[in-house]
Amino acid sequence: MLKVYGSSMCEDTVACIAKLNEEKIAYEFIDITKELPNLKAFLIIRDKSPLYDSIRENGGIGIPCIEKEDGSYTLDWESIF
């Protein structure tokens with residue numbers, strides 16, 4: 001099952017969730033702005049993944065972040081469809 005790390009305040013996250021629902025794709029939504037443990041889980045990914053190197057350098061956040069079923073991550077949520 002996909003895991004979607006994002007925020008209900010983020011336009012891209014909302015669009016991603018809407019598309020997942022439309023396509024009837026199972027996912028777990030982890031709202032990083034709702035609960036501190038969710039934010040901490042996201043920050044571990046963001047701090048350690050090379051996927052975030054340029055985002056960290058530019059002061060970005062990098063959501064939504066999709067954890068695929070194989071354990072890899074992508075920031076290109078449209079590529080999962």
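Which residues does Arg 46 touch, not counting residues up to four places away in sequence? In this predicted model, Arg 46 touches Tyr 52, Ile 55, Arg 56, Gly 60 and Ile 61. The first legend takes up this residue, and the others follow.

Figure 1. Arg 46 belongs to helix α2. With a relative accessibility of 14%, Arg 46 falls in the buried class, because that class takes in residues under 20% relative accessible area. A polar atom of the Arg 46 side chain is placed 2.4 Å from the backbone oxygen of Gly 60, and Gly 60 is also one of the residues that Arg 46 touches. The C-alpha atoms of Arg 46 and Gly 62 are separated by 7.9 Å, although the two residues stand 16 apart along the chain.

**Figure 2. The whole chain, for orientation.** The protein contains three helices and four strands, arranged from the N terminus as β-α-β-α-α-β-β. Its C-alpha trace spans about 35 × 25 × 20 Å along the principal axes. The radius of gyration is 12 Å, which agrees with the value near 12 Å for a compact globule of 81 residues. Of the 81 residues, 33% count as buried. Of the contacts between residues at least 6 apart in sequence, 50% join residues at least 24 apart.

**Figure 3. The sheet and helix α2.** Four strands form an open sheet in the order β2-β1-β3-β4, with mixed pairing. Its edge strands are β2 (27–31) and β4 (73–74), each of which pairs on one side only. Helix α2, residues 36–48, packs on this sheet and touches β1, β2, β3 (65–67) and β4. The direction of helix α2 makes about 100 degrees with that of β1. Strands of a sheet pair through backbone hydrogen bonds, in a parallel or an antiparallel manner. Strands β1 and β2 run parallel and are joined by five bridges. Within this pairing, Val 4 has Phe 29 of β2 as its bridge partner.

**Figure 4. Ser 8 in the loop between β1 and α1.** Ser 8 lies in the loop that links β1 (2–6) to α1 (11–22). The side chains of Ser 8 and Asp 31 make a polar contact at 3.2 Å. Beyond its neighbours within four places in sequence, Ser 8 is in contact with Val 14, Phe 29, Asp 31 and Thr 33. For Ser 8 and Thr 33, a sequence separation of 25 residues corresponds to a C-alpha to C-alpha distance of 7.8 Å.

**Figure 5. Ser 7 in the loop between β1 and α1.** Ser 7 has its place in the loop between β1 and α1. This residue is buried, its relative accessible area being 3%. Its side chain reaches the backbone nitrogen of Met 9 at 3.0 Å. Once neighbours within four places in sequence are set aside, the contacts of Ser 7 are Thr 13, Phe 29, Asp 31, Thr 33 and Ile 63.

**Figure 6. Thr 13 in helix α1.** Thr 13 is part of helix α1. At a relative accessible area of 1%, Thr 13 is buried. Excluding residues up to four places away in sequence, Thr 13 touches Gly 6, Ser 7, Phe 29, Ile 63 and Pro 64.

Figure 7. Most peptide bonds are trans, and most residues other than glycine have a negative phi. The peptide bond joining Ile 63 and Pro 64 is cis, with omega about 0 degrees. Pro 64 is located in the loop between α3 (53–57) and β3, and Thr 13 touches both Ile 63 and Pro 64. Lys 24 is not a glycine, yet its phi is positive, at about 60 degrees. The loop between α1 and β2 holds Lys 24. Is Lys 24 buried or exposed? Lys 24 is exposed, with a relative accessible area of 74%.

How values were computed: Residues are numbered from 1 along each chain as its sequence is written. This is a predicted model: local features need pLDDT of at least 70, side-chain atom pairs count only at pLDDT 80 or more; totals for chains, interfaces and linings use all residues. Side-chain values use heavy atoms; hydrogens and water are left out. Helices (H or I, at least four residues) and strands (E, at least two) are DSSP runs, numbered from the N terminus. Contact means heavy atoms within 4.5 Å. A polar contact is a pair of N or O atoms within 3.5 Å; within protein, one must be able to donate a hydrogen and the other to accept it, and residues adjacent in sequence count only if both atoms are side-chain atoms. Two strands pair if DSSP finds at least two bridges between them. Axes are lines fitted to C-alpha atoms, for helices over the stretch in contact, and angles run from 0 to 180 degrees between N-to-C directions. The radius of gyration is taken over C-alpha atoms; the globule rule is 2.2 Å times the number of residues to the power 0.38. Buried means under 20% relative accessible area, exposed over 50%, partly exposed in between (1.4 Å probe, protein chains only).
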